Amino acid sequence: MIGRLNHVAIAVRDIAAASEVYRSTLGAQVSAPEPLAEHGVSVVFITLPNTKIELLEPLGEDSPIARFLEKNPDGGMHHICYEVDDIEAARDRLVKSGARVLGSGEPKIGAHGKPVLFLHPKDFNGTLIELEQA
Ligand code: CO
């Protein structure tokens, strides 16, 4: 059911400093930061030959990554995103198998303008999973 790895997201406290590490130390192609108010994060996209890395910095008071950074003060891997052909069919199949979808269960428009859903990390080996409509 799952397809390509769309991105790996890394939560950071300082997106400018983290961008510089990827740009200078690791020699990657790094975008300018983009504030996504409705998701409570600023995001930087790093384009690799086979996938993307996203750096996420908290934006606003109740950012969904604020608690993660309290527990992981150096930052860390926050989620991985897999592509699916049909996000509603994927959700229905997962719910039927007992997996928990976060939030209302209805897909929201994600950072790339496509519908996304998040799956509970306790059901997937401690890893928060994002599904994105391909
Ligand atoms: Co993501």
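This is a short tour of a predicted model, stop by stop.

Before you click, note that residues count from 1 along each chain as its sequence is written. Local features here need pLDDT of at least 70 and side-chain atom pairs 80 or more, while totals for chains, interfaces and linings use all residues, and side-chain values use heavy atoms, leaving out hydrogens and water.

**Stop 1: the metal.** Select the cobalt ion, then show H7, H79 and E130. These coordinate the cobalt ion through NE2 of H7, NE2 of H79 and OE of E130, at 2.0 to 2.1 Å. (Donors are N, O and S atoms within 2.8 Å of the metal, or 3.2 Å for Na, K and Ca; water is not among the atoms, so sites may look incomplete.) Along the sequence, the donors follow the spacing H-x71-H-x50-E. H7 sits in strand β1 and E130 in strand β9, so this pair, 123 residues apart, links distant parts of the chain. (Strands are DSSP runs of E, at least two residues; helices are runs of H or I, at least four; both are numbered from the N terminus.) Are H7 and E130 buried or exposed? H7 counts as buried because its relative accessibility is 1%, and E130 does too, at 5%. (Buried means under 20% relative accessible area, exposed over 50%, partly exposed in between, with a 1.4 Å probe and protein chains only.)

**Stop 2: the core.** Now pick Y22, I46, I53, L55, L119 and L131. Of the 24 residues in the largest nonpolar core, these touch the most other members. (Such a core is a set of buried Ala, Val, Leu, Ile, Met, Phe, Trp, Tyr and Cys residues joined through side-chain atoms within 4.5 Å.) Elements that each give this core at least two residues include β1 (5-11), α1 (15-25) and α3 (87-96). Next, colour L36, L56, I65 and L69: they belong to a second, separate core of ten residues.

Zoom in on L55. Leaving aside residues up to four places away in sequence, its contacts (heavy atoms within 4.5 Å) include I10, V12, I15, A18 and Y22.

**Stop 3: a loop.** Where is N125? Look in the loop between β8 and β9. N125 is exposed because its relative accessible area is 79%. Check its backbone too: phi of N125 is near 60°, a positive value in a residue other than glycine. Most residues other than glycine have a negative phi.
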